[in-house]
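This report describes a protein model for a reader who is new to structural analysis. Please look at the sequence and the structure before reading on.

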Amino acid sequence: IYKFRIMGNALKNKSTQLPDNSIFNLFEGKGAFTDSDGNIGDFSSQGVRKTNSLGEMTHLTALLILETNDGSKLWGDPTRINTELQVGAGYFDVLFASGKLKKLIGFRCKYALTTTKNSSFVMEGFCK
């Protein structure tokens, strides 16, 4: 089992409210990560979230990227299961990976995420 922890910030967060009070939110995040293999590196993400009039997420299209200090990379396609924006759970499928992270190609990684009042976040999970 491969475990990881990501800590970061929402750098860009632009929202458009629709007439039915649903919201399209464009986001970008950056931060750092560490894993159970002793790697450390950078994290980045970007995508679009749609929430309904109750603030519950109804759709997510995003990409997350982990890059170790030695240049190994992982690209993941996340899916949220819990619909609350401030705290969530879900999984991402590893689409591509290189170097030390190549062993994770094809894995599904489960995660939990929580945010702070200043738009920082912590995400922890595991892949198998």
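The model is predicted; local features need pLDDT of at least 70 and side-chain atom pairs pLDDT 80 or more, whereas totals for chains, interfaces and linings use all residues. Residues are numbered from 1 along each chain as its sequence is written, and side-chain values use heavy atoms, with hydrogens and water left out.

**The largest pocket**

The volume of this pocket is about 600 Å³. A pocket is an open set of points on a 1 Å grid over the protein atoms alone, where a 1.4 Å probe fits, with protein on both sides within 12 Å along at least five of seven lines; its lining residues have an atom within 4 Å of a point. Of the 30 lining residues, Phe 27, Arg 49, Arg 80, Leu 113 and Thr 115 are the closest to the centre. Strand E2 gives the most to the lining, with five residues. By class, the lining has 14 nonpolar, 12 polar and four charged residues.

Leu 113 belongs to strand E7 (residues 108-115). In sequence, Leu 113 and Arg 5 are 108 residues apart, yet their C-alpha atoms are 9.9 Å apart in space.

**Accessibility of selected residues**

Buried means under 20% relative accessible area, exposed over 50%, and partly exposed in between, with a 1.4 Å probe and protein chains only.

| Residue | Relative accessible area | Class |
|---|---|---|
| Leu 113 | 14% | buried |
| Asn 21 | 42% | partly exposed |
| Ser 119 | 40% | partly exposed |
| Leu 63 | 33% | partly exposed |

**Two loop residues with positive phi**

Most residues other than glycine have a negative phi. Asn 21, in the loop between E1 and E2, has a positive phi of about 70 degrees although it is not a glycine. Ser 119 lies in the loop between E7 and E8, and its phi is also positive, near 70 degrees.

**A nonpolar surface patch**

Leu 63, Leu 95 and Phe 96 make a nonpolar surface patch of about 270 Å². Such a patch consists of residues with over 30% relative accessible area and no salt bridge, their nonpolar side chains being joined within 5 Å. Leu 63 is situated in strand E4.

Conventions: Helix = DSSP H or I, 4+ residues; strand = E, 2+ residues; numbered from the N terminus. Points joined across faces, edges and corners; volume = space filled by probe spheres on them. Nonpolar A, V, L, I, M, F, W, Y, C, P; charged D, E, K, R; others polar. Patch = residues over 30% accessible without salt bridge, like charges linked within 9 Å, V, L, I, M, F, W, Y side chains within 5 Å. Areas by Shrake-Rupley, 256 points an atom, 1.4 Å probe, with all protein chains shown as cover. Salt bridge = Lys/Arg side-chain N within 4 Å of Asp/Glu carboxyl O.
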